[in-house]
Amino acid sequence: MGIKGLQWFVANTCPDACTMVNLKEMAEKHHINHPDSPPVIVVDAMGCIRHWYTPESWVCGGQWQEYLANLQDFIKAFMAADIKLVFCFDGVVEQKKRDEWVKRRLKNNKEIARIFQFLKSYRQQPGRGMFFIPSGLATFTRFALKSLGQETICSLQEADYEVASYGLQNNCMGILGQDTDYLIYNTSSYFSIDKLSLDRMVTVMYSRENLCHALGLNITDLPLFACLLGNDIVPEDILEGFWQKCVASCPPKSQSYDKRANTILAVASYISRVPCCYGSLKDLEEMLPLASDKKLLYRGVESYILPGQQSPWLPPGVSNSQIHLVKQETAICPDQEIFQLAKEQHVRAENYMVYNVLSNGEVECSNTLEDELDTELPGQALIYRPVRQHIYSVLLESGKDTCGAYPIVKEWFVYFGNPMEQPDLVQPMQLDIPGGTPSLRTLWLTKGQEVQTLRYRTFLACFHLQDMVEEFQLLDPSVAAVCCLLIYLTLQVDSLSLEDLNAFVAHTLCLQGKSAAQLAGLQLAQVDSRAVQLGSLFIRGLTTLIMANSSLGFPMNMNDLMPWKVFDGKLFQEKYQQSHRGCSLEELLEGNGSLHMQFQNLKSFICEACMVKKRTIQSRRRGNGFITEMQEGGRERSFQQAYTTSFVPPYHSQNRGFQWRGSQPYFYGSEAQPSGKGHRDQRRHQGQRRRFQLAPRWPNKQTNYWSIF
């Protein structure tokens with residue numbers, strides 16, 4: 001939310017409403033005045049993310065280790081001042097805000113199109129003026145803060161309402177964010193994240209009392225004042241005629257004020273002249289062109305009334321304390337114990353999308369850095385939809401009707417060609433696993449190794465890899481997550497090439513052991529737009545993994561699915577460009593010979609899984625300034641096969657199957673038959689199954705490949 005122009009107005013015309021304060025000194029005073037209550041600042045996390053993301057590179061998919069280090073520094077500064085932080089994130093999009101949410105997403109699409117136009121024209125990242133937060137940043141920030149030991153809350157309603165309520169009910173020292181609605185709510189002090197100097201612990205505190213004094217209003221008038229200026233509930237276009245009448249009856253006090261400032265003053269003057277009662281609100285509702293929605297203004301004022309508060313502009317006795325607390329009664333999940341557990345995990349920011357599906361069957365995903373003109377790469381929303389359909393089938397198994405039909409899930413996912421006028425109605429898709437779909441009670445509440453294996457098998461089944469449980473369990477968990485995504489993406493996207501796969505695998509191996517400082521120091525001569533989209537596609541794949549993990553009782557440790565463990569945008573750009581230039585394996589792996597065998601093994605593992613499902617990965621070097629012709633000589637023979645027309649795993653024999661020789665870093669002896677219901681081919685290919693004959697997981701002491709993990 002927020003009121004257009006109010007921040008500028010306060011900063012430029014109400015100097016008494018803006019005070020520079022020292023947060024450490026305020027905390028010390030709080031300790032003296034409230035010895036039994038530590039100083040707490042509740043943080044509007046969504047309003048702070050742009051401030052937190054300071055790495056120079058933002059377009060390549062995210063500099064996640066650098067970002068995590070920034071969050072650590074931010075937390076340490078407040079800890080040093082003995083201030084506790086509580087972070088609050090948006091957990092839902094309320095129906096009354098849906099139109100505004102869609103409007104902003106469509107506007108973002110235009111910004112993203114300009115970014116890709118710049119990338120293809122200049123092969124460089126645009127300046128900070130075109131900054132767009134990396135895909136998935138909000139989702140992963142909540143998990144990052146939890147991993148750093150911070151109290152993190154995911155809202156059940158509008159986040160700024162919950163932030164304001166938390167501040168009021170917990171006697172917080174203040175609210176940190178950048179949203180003028182915190183001037184409207186009658187709650188704790190409002191501190192600016194934009195003006196925060198972390199090294200000196202000073203920022204601007206905005207005073208609603210002094211603002212009211214400057215406007216001639218009471219604090220209880222501010223909700224109506226906000227609505228009459230336009231917000232996410234009351235659109236500006238229906239207010240323009242009203243503004244003109246206000247300005248006509250209240251001539252500008254100063255020629256130096258702009259049109260918006262004069263409108264703000266005129267609206268305040270109007271409110272100060274009418275009786276402060278519900279009757280005046282009803283008169284306004286008759287005056288404004290509200291069409292059929294005559295309660296729009298009423299709902300707008302009501303949205304600012306915190307629990308236990310009342311407004312003179314509403315009927316006597318009306319409060320907002322019971323609003324938005326009906327989700328449990330209307331949930332589509334019939335098992336109340338399961339629903340309550342999902343709700344508690346949601347509030348604690350421990351799951352992702354699960355509560356939204358179980359409560360009202362409606363989910364959303366914001367913009368992704370995708371090139372709408374690249375017809376070879378579908379939007380991530382469509383690529384990962386089959387996985388989500390499988391997840392929905394597990395979550396909604398107990399909600400099927402008497403005919404066995406699942407509830408439909410409404411998806412508000414942004415992708416090219418989607419006008420977002422209505423949600424996509426998505427049908428859950430049943431999993432193809434022995435014994436049928438397990439219940440949530442089994443997956444969530446039952447303990448034991450057998451159930452843990454069931455969780456893991458169900459997890460892989462969502463990606464059509466359920467017959468490779470044993471192989472995946474022998475991988476390092478983070479590497480298993482990467483392989484799961486790369487196999488799925490290769491099966492889904494025909495245009496993914498051997499060069500792309502080489503880049504991803506090399507990136508995965510070279511990332512291990514690199515510090516945030518090393519990654520920050522990596523310099524790129526140019527930026528490739530297709531690699532930008534592949535990076536975003538991979539990150540959205542990680543959010544899909546955590547959705548599956550959340551839904552299936554956490555078969556994996558959530559920390560193993562985090563991007564700071566498996567992805568770095570600049571490093572992937574480097575590997576992508578090297579791979580498509582035809583660099584040697586030695587250069588691709590940064591001269592680390594110990595990674596050669598691991599590279600071939602991981603690549604073989606992925607390619608073999610794809611071959612079982614009739615997907616042969618072709619070589620296709622990209623142009624746009626890259627070398628497109630094969631260079632002769634100077635290549636290691638083990639890497640030359642990456643540039644043939646397709647990849648056949650090493651030591652492949654039609655009679656003996658698939659053998660890996662020597663000490664292997666990822667596996668120990670096992671036999672399995674990869675198969676399953678693939679997205680590209682729904683039939684089982686029994687004749688195509690091959691047997692893995694793998695070396696011991698623990699190599700000898702002289703060759704310990706596990707040391708990099």
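Modeller: Angles under 35 degrees count as roughly parallel, over 145 as roughly antiparallel, 65 to 115 as roughly perpendicular, and the rest as oblique. The model is predicted, so local features need pLDDT of at least 70 and side-chain atom pairs count only at pLDDT 80 or more, while totals for chains, interfaces and linings use all residues. Residues are numbered from 1 along each chain as its sequence is written, and side-chain values use heavy atoms, with hydrogens and water left out.

The part I take is helix α6, residues 137-147; helices are DSSP runs of H or I with at least four residues, strands are E runs of at least two, and both are numbered from the N terminus. Of the 11 residues of α6, 9 are buried, so the helix is largely enclosed by the rest of the structure. Buried means under 20% relative accessible area and exposed over 50%, with partly exposed in between (1.4 Å probe, protein chains only). The buried residues include Leu137, Phe140, Arg142, Phe143 and Leu145. Their cover includes helices α3, α4 (64-80), α26 (529-551) and α27 (563-566), together with strands β3 (84-89) and β4 (151-154). Just after α6, glycine 149 has a positive phi of about 80°.

One of the covering helices is α3, residues 45-52, whose axis comes within 11 Å of that of α6 and crosses it at roughly 95°. Axes here are lines fitted to C-alpha atoms, for helices over the stretch in contact, and angles run from 0 to 180 degrees between N-to-C directions. The two helices are therefore roughly perpendicular to each other. Met46, Ile49 and Trp52 of α3 meet Leu137, Ala138 and Thr141 of α6, contact meaning heavy atoms within 4.5 Å. By class, this contact has 5 nonpolar residues, 1 polar and no charged ones. Ala, Val, Leu, Ile, Met, Phe, Trp, Tyr, Cys and Pro count as nonpolar, Asp, Glu, Lys and Arg as charged, and the others, Gly among them, as polar.

Next come the strands. Strand β2 spans residues 40-44 and pairs with β5 in the parallel sense over 3 bridges; two strands pair if DSSP finds at least two bridges between them. Valine 43 stands opposite leucine 176 in β5. From β5 (residues 174-177), Gly174 and Leu176 point one way and Ile175 and Gly177 the other, and all are buried. β5 also pairs with strand β6 (residues 190-192), again in the parallel sense and over 3 bridges, with serine 192 in β6 as the bridge partner of glycine 177.

The loop between β6 and β7 (202-206) holds aspartate 199. Aspartate 199 is exposed, with a relative accessible area of 68%.

A separate sheet is open and mixed, with 3 strands in the order β8-β9-β10. β8 (362-365) and β10 (424-426) stand at its edges with a single partner strand each, so one side of each is left without a neighbour in the sheet.
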